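The notes follow in the order I made them.

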Amino acid sequence: MPVRPFLFRLFAAVALSAPTACATTAASQTEVGRLEAEVRTLRAAQASLVERLERLENRDAVSRARSVSPAPTASPATAASAKPEAASSQGGEALGMAPSELTVVRLKPKKEPAPRINTAVAVTEPDPDQMEMFISPVEGSSGTGSVGSTGSMAPSRMEVPEKDPDILDAEYERAVAMLRTGNVEGGVETLTRFAAENPRHPRADNALYFSGLGQMGLKDAAGAAKTFERLIKNYPAGDAVQDGMLRLAECRVRLNQAVDARALYTRVVTQFPGTAAATQAEQRLAALSP
């Protein structure tokens, strides 16, 4: 066999086996690291199980000791010392140590009467001046009340029964119809009385508005101005307040009070923007001479 071909074959085999050896060494190191990690995990789990087993054995020993010898009844003198022992046994159990025997202590509540509360209240006589104010007769009456022949005290003021809403509505419509049919004076009088006698009626503000219109028709600008002022003051949230302010400004113009009229028109524009009343107020403001 020739020597040179044999050497060539030997060198080729060595060159091919070198990478395989390096790969095998790296794989072996990885496997060794993984096995070491598993060993550490198993050791930690074993230590935890050993600690748990010791705690269970301690508790089992305490249970057997309690079942064999019952706990003696503690006297009141040893009640104070029982609490520290119980606390120390709980601490020992938390640390994995066997707790000592626990003692049951029964404390009786103290039988003492509840403290007395002073409920007496001093009686104070009222001030004579205040009593005189409370028992003084109402203005316009002869005294606190008149006594009749039967001995009963008559009320100082008779309550007026409320009218039927339908009757009130009919009365209002009749007064407005009087204005439309030419009886202006009668309509103004009826509407003024309606608003005075029924100030909380839903149409009380309208009654004042139409009453003011009637007074303007009678050429009574001063009286109409007072009526519209009453409307604006008593019913600021009513549906007739905007027109009432326009009519009041018109009365001011008739009374040669242009400054007051201009102030009223400006108030309508600023207080009710975007309304028909505000548009009319702007037009009348422009028409007023400065």
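How near do the axes of helix H4 (residues 165-180) and helix H5 (residues 184-197) come, and at what angle do they cross? I find that they come within 7 Å and cross at roughly 150°. The axes are lines fitted to C-alpha atoms, for helices over the stretch in contact, with angles from 0 to 180 degrees between N-to-C directions. Helices are DSSP runs of H or I with at least four residues, numbered from the N terminus.

Before going on I note the basis. This is a predicted model, in which local features need pLDDT of at least 70 and side-chain atom pairs count only at pLDDT 80 or more, while totals for chains, interfaces and linings use all residues. Residues are numbered from 1 along each chain as its sequence is written, and side-chain values use heavy atoms, with hydrogens and water left out.

**H4 and H5.** H4 and H5 are therefore roughly antiparallel (an angle over 145 degrees). I list the contact (heavy atoms within 4.5 Å) as Leu168, Glu171, Tyr172, Ala175, Val176, Met178 and Leu179 of H4 with Val184, Gly186, Gly187, Val188, Thr190, Leu191 and Phe194 of H5. I sort these residues into 10 nonpolar, three polar and one charged. Here Ala, Val, Leu, Ile, Met, Phe, Trp, Tyr, Cys and Pro count as nonpolar, Asp, Glu, Lys and Arg as charged, and the others, Gly among them, as polar.

**H8 and H9.** I looked up helix H8 (residues 241-254) and helix H9 (residues 258-271) next; their axes come within 7 Å and cross at roughly 165°. H8 and H9 are therefore roughly antiparallel to each other. On the H8 side I find Met245, Leu246, Leu248, Ala249, Glu250, Arg252 and Val253 in the contact, and the H9 residues include Ala261, Leu264, Tyr265 and Val268. The contact of H8 with H9 has 10 nonpolar residues, one polar and four charged.

**Glu250.** Glu250 lies in helix H8. Beyond its neighbours within four places in sequence, I find Glu250 in contact with Met216, Tyr265 and Arg284. From Glu250 to Tyr265 I count 15 residues in sequence and read 9.4 Å from C-alpha to C-alpha.

Methods: Helices (H or I, at least four residues) and strands (E, at least two) are DSSP runs, numbered from the N terminus. Angles under 35 degrees count as roughly parallel, over 145 as roughly antiparallel, 65 to 115 as roughly perpendicular and the rest as oblique.
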